[in-house]
Amino acid sequence: MSEENNQKKENVQSDQDKKKEEPRIGVYICHCGHNIAGTVDVEKVVESIKSEKNVVDAQHYMFMCSKAGLDMIKNAIHEKGINRTVVASCSKNQHGPTFAGAIEEEGLNKHLHFQVDIREYCSWPHQKQKKEATDKAIQLVKAGIARSRELEEVETKKLPTTKAALVIGGGIAGLRAAYDLVNLGIPVHLVEKESSIGGHMTMLNKTFPTNECPQCSISPLTNAIARHKLVTLYTLSQVKSVNGSIGKFEVTIETKPRYVKDNCTSCGECAANCPVEVPSEWDMGMSTRGAIYKLYPQAIPSTYVRDKKTCIECNTCINICPVQAVDFTMKPKTTTVEVGSVVVAAGYDEYDPTDIEPYHYGQPGYEDIITQLQLERLLNPTSLTNSLVLRPSDGKVPNRVVMIQCVGSRNELVGNEYCTGVCCMFAVKNAGILKDLLPNADITICYIDIRTPGLNGEEFYKSAQKKGVRFVRGRPSEIQRDPKTGELRVIVEDTLSQTPLELPADMVVLSAAMVPPKGIGILGSALKVLRTKEGFLKEFHIKMNPTKSSKDGIFLAGAIQGPKDISSSVAQAGSAAASAAAPLVQGYVEKEMMVAKINYDKCVSCGMCITACNPAAIERDADGKVWVNSIACKSCGMCMPACPTGAIQLINFREDQLFDEVSALGGGKSEWKQKVETL
Amino acid sequence: MSENKSFAFFLGCIMPNRYPQIEKATRFIMQKLGWELKDMARASCCPAPGVFRSFDKHDWMVAAARNINIAEKMNTDILTVCNGCFGTLQEVNHHLKENDVSKEKVNQKLKEIGEYEYQGTINVRHIAEFLGFQIGPQEIQNYIVRKVNATAAIHYGCHFLKPSKTRNIQSPEKPTILEEYVEALGVKSLEFKNKHTCCGAGGGVKAAHPDASMTILAEKMSNIAEVKPDFILDVCPFCHLQFDSGQEFLNKNMGTNYDIPVIHISQLTAYCMGMDPKYLGFNYQTVGKKFFFTPSEEKQ
C-alpha cells in the first residue's frame, strides 16, 4: 500500500513543479544522401526555420546518423548550449534511438530529442513535386520545433526483481523452460493441472521424424525436474490469480487434494484392488483405470491419486495400503508465491470432432472412428490391447485404415481457419507405423495439401509413400455406415483424377486439430494477457518477439501461443526461459517512466480509463480512487481518449503538447487550442 | 409476426399446375388447424432459386422481394409448401433484412414496377417446419382422426434445411424433424443409403441436363427401392414431380419396374386429419395410382 501512496503523491507532484530551463533547440536536417535532399531543398528548410522561437542552432548535413553528423549535435550541446534537439530525417523507428542515445551521452535526457520524418512522410511520396515537398518539410519541422519546446525529461527507473519464476504447465514446453531457468540459478514454481508432469508428449507412441520413443526422450527431463532443489512442483494445481507487474508478481495457486500422501511407495496395491473400472482419460478411452490410479507407469510424482468423482468409498485402498498413505480427509490447498517472471506453457487440447456431424465421431455404431491421439494410446505399450492394432468395435485387426486430415483445422465452418501444421507429419508417421505393423493392410491418407516443411519433412513423407501408404487428395465429405453391414465408407473425391471415391474402411483415424486448452479463458484473464481470435495467447510481435506476451514479464512457450510441434515448443521454451531469466539474473528492470498521470482536480473516478487500459495498469483503490500503476503502464495512451474530462494524460503526449504540434502544422495559429481548452 | 392465425399462401408454380391435390390437402389441414390461408393477389413465380439466381442475382432478389412485399401489405407471414419457393423467399427475406445496401437497390428497382417497397416485416415459413416444429408431434395428436400403418423413405430435398446458417431450422447432416413428425402419424421412417442426396431435379438440372437429372434419380431410386418402403414422403412439389414422373421414365428407359407412391407431407397429414381419400389425388399421379393408406387406428 505504501508504494501505491508514493505513486499517487508522485502523480500530483510532477504536475506542479514544472520549472524548466528555457528551451534552446538545435535543429538538424539530414540529406539522407539523395533520399531527402534529392527532393527537398534542405538549405531552404534551414533558412526558413532558423529564426523560429527558441531555435539556437540550425544546420543540414549529408548523413546525420554518421559519426560526423552525431558529432555536429554533440558539439552544439557544448558550444552553443542547446538543451534539446529536433532531427528531421528518417522515421524515428529507424534512427530515433541513435540520436536520443547521442544526446544522452552528452548528459541530456534522451526524451528531449524529437524526430521529424521528412523522408517517408515527405521526400519519398512527393518526388515529383519538389517545391511542395520543401514547403511541407518546412511545415513538418516547424511543428516538430513546437512540440520540442514543451517536452519534459522522463526518468528511467531501476526496479528490483524477485528472483523466482512461475511456469504454468508441466508439458514439454513448461518442463524445458523450468529446466533452463533452474540452470540459471532461478527458483521455479511449476504448476501442472494433471496429477503428473509430462503432458501430451508422454501420451505419444512415437515422435516424428525419427520414430523415437517419446517417453525415453522426455523422462530424463521429468526426472531432473522432479529432483531439482530449485523446483517446487504443484500437481493437480491451477493458477487462480496473478497480480503485480514485471519483477514482482503475486501468484495464487490452488491445489486439489490427491487423497494419497507423499509416503506412497507406488506399489500399486490400491489400484490393483480397487473395484471401480472407468475409461482412462489419459489413454483416451483405450484402457481403463480404477478410482485410485496412476496416470501412466512413469508418472511423476509417482504417488497414486484418487478420483473422488468415481470413488465408491469402499475403503479397500485405505485398508490395503501397506504404508497407510491413503487419506480421504485431505483438503484443497491455496498457496501464494512471489515471482519476478511468468512462463505460460499451458499447451493445447486435441480438437473434439463431434462438432463435425458428417464424420459421426463418438456416435453409436461409429466406434471405429478414432482420433490420432487415441491411435497413439492404442499403439502404446501399456494399452488395453497390449499395443496390438485392434479396432475398438469388435477387436478385429483392421485391414483398411483411412486417415482424414484437417479435422477441425482449415475449416471455417467450425471456426478454425488456421492450419495446425503438425497433423501431416503425425499422420504420415502413424500411417508408416501401421504399415510396418500390418504390411498387408491398405493405409490411405485423405488430405487437402500435404504440408511437411523443413529439414526431414519431405523425406519423411516420401518414406511413407515408399512403404505403400496411399495418398488421396480430397477432403472427405462424409463417413457413411452401411445400414445393413455396419461397414464404414469414406466418401471423398480424388481431386487429382476428379474421381468420386467410396473408400471402405475398417477403422478411420481423424487428424484432429490442436486447439487452445479448456480453461484458457479463465487463465488468460487471471494473467491479463491478450489472446488471438482463435483463443491462443497472443505474442508481442510475431517476428521479433514471438516469446513474449502482451504483458511485460509474462512469456509464452509452446502450443499455448499457437499450434506447433515438439521441436518448436522446446526451442520457444528455451527462448522464453532466457527472456524470463534476464531481469531476474540482472536483479532489476529498467523502466522509462513515460507513463499516464491523473490530474485529480479533473478526475471524476468514472473508471473509463480502467476499461481502456490493455495492460491493466490502471486500478481503483479501496476508496474508489483511480490510480495508475506506473510500473505496469506501457505508454500506449489508450486511456486518454477514453477519459471524458481530460484528467488522464500521458507524459510528452499530453493533449496540450499535441495541440502545439498540430496547430503549428495548421499554420501556427493556436487560437483554436485556447478555444478547445475553454470547453 | 402476426398474432392472428393466418398466412399469405404462396402457391408457386408446380403445385397449382401439376399437383392441385397438394394445394387442396394443404388448405384442408390449415383450416382444421384453425389457420386462415389468404390468397396473394398478383403473386408471381418465386422465382426459382437455381436458375434465376444463377443468371442474375439482383433481378432474382427484386422479383422475390415483390412477392414478399405483397404479403407485407397483407400483414401476414408467408406459407409455402415448396422447397424451391422457400429457398428463394426465405433467403431473399433473410438477406434483405440484414443488408441495407441490397435493400435500397432492390427497392429502387421495385419503384419502377409499381407500388412496391420491401420492408422486412414478415417471415417466410415452410409447411414442413410449421407442422414439424410449431404444431409438433405432440399437438398434432389433437387434430388427427386416424394414423397410418406404413413405412416411408423420407426425402428432405435440398432447400428445406440448406444453407443451414440461413435456414436455421435444424442440422442438415442428421435432421430428425420429419422423422419425428411422421412417426406421430404412425409412419415408420426407413434409413437408406445416401438419404440426404439431391433428387436430381433442382438447380435447373432437370431442364438443362435431363440425362444427368435421371442418372442422379436412378441412383436415388435404387437406394430407396432397396429398403422397400410403402411410399416416398417429400416436402416439395418439384421433388414430388421428379420422383413421380421420373419413376415412369426409368421404367421405360432403364428397365426398372418401380411403382412407389410419392406423397407430400400435406397429403399424409390431410388423410390423418380425416380428408376423404378421393381428394388425395393419388390416381392423378404417374405412379402409385392405386395406392391407398391403411389406417391403423381411427378415433371416433
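Colleague: In chain A, what share of the contacts with a separation of 6 or more comes from residues 24 or more positions apart?

Modeller: Bear in mind that this is a predicted model. Chain A has 20 helices and 32 strands. Among its contacts with a separation of 6 or more, the share from residues 24 or more positions apart is 70%.

Colleague: What percentage of the residues of chain A count as buried?

Modeller: The C-alpha atoms of chain A fill a box of roughly 95 × 65 × 45 Å along the principal axes. Chain A has 679 residues. The part of them that counts as buried is 44%.

Colleague: Helix 3 and helix 7 of chain A: are they parallel, perpendicular or oblique to each other?

Modeller: Helix 3 spans residues 42-49 of chain A, and helix 7 spans residues 130-149. Their axes are 9 Å apart and pack at an angle of about 40 degrees. Angles under 35 degrees would count as roughly parallel, and 65 to 115 as roughly perpendicular. Helix 3 and helix 7 of chain A are therefore oblique.

Colleague: Is the crossing of helix 3 and helix 7 of chain A left-handed or right-handed, and how do the contact residues divide?

Modeller: The crossing of these two helices of chain A is right-handed. Helix 3 contributes Lys44(A), Val45(A), Ser48(A) and Ile49(A), while helix 7 contributes residues including Ala137(A), Ile138(A) and Lys142(A). The contact residues divide into six nonpolar, two polar and two charged.

Colleague: Now chain B. How do the residues of the contact of helix 2 with helix 13 divide?

Modeller: The axes of helix 2 (residues 20-32) and helix 13 of chain B come within 8 Å and cross at roughly 50 degrees. That crossing is left-handed. Gln21(B), Ile22(B), Ala25(B), Thr26(B), Phe28(B) and Ile29(B) of helix 2 meet Ser266(B), Gln267(B), Thr269(B) and Ala270(B) of helix 13. The division is five nonpolar, five polar and no charged.

Colleague: Which helices are among the elements that cover the buried residues of helix 9 of chain B?

Modeller: In helix 9 (residues 177-184) of chain B, Ile177(B), Leu178(B), Glu179(B), Tyr181(B) and Val182(B) are buried. Their cover includes strand 6, strand 7 and strand 8 of chain B. Also among the covering elements of chain B are helix 7 and helix 13.

Colleague: Which residue takes a positive phi just after helix 6 of chain B?

Modeller: Helix 6 covers residues 100-112 of chain B. Its 13 residues should span 18 Å at 1.5 Å a residue, and its end C-alpha atoms are 19 Å apart, which agrees. Just after helix 6 of chain B, the positive phi is about 135 degrees, at Gly114(B).

Definitions and conventions: Residues numbered from 1 in each chain as written. Chains lettered and ligands numbered in written order. Predicted model: local features only at pLDDT ≥ 70, side-chain atom pairs only at ≥ 80, totals over all residues. Helix = DSSP H or I, 4+ residues; strand = E, 2+ residues; numbered from the N terminus. Buried ≥ 20, exposed ≤ 12 C-beta atoms within 10 Å, placed from the backbone. Contact = placed C-beta atoms within 7 Å. Axes fitted to C-alpha atoms, helices over the stretch in contact; angles between N-to-C directions. Parallel < 35°, antiparallel > 145°, perpendicular 65-115°, else oblique. Left-handed = near helix turned anticlockwise from the far one by under 90°. Nonpolar A, V, L, I, M, F, W, Y, C, P; charged D, E, K, R; others polar. Expected span 1.5 Å × (residues − 1).
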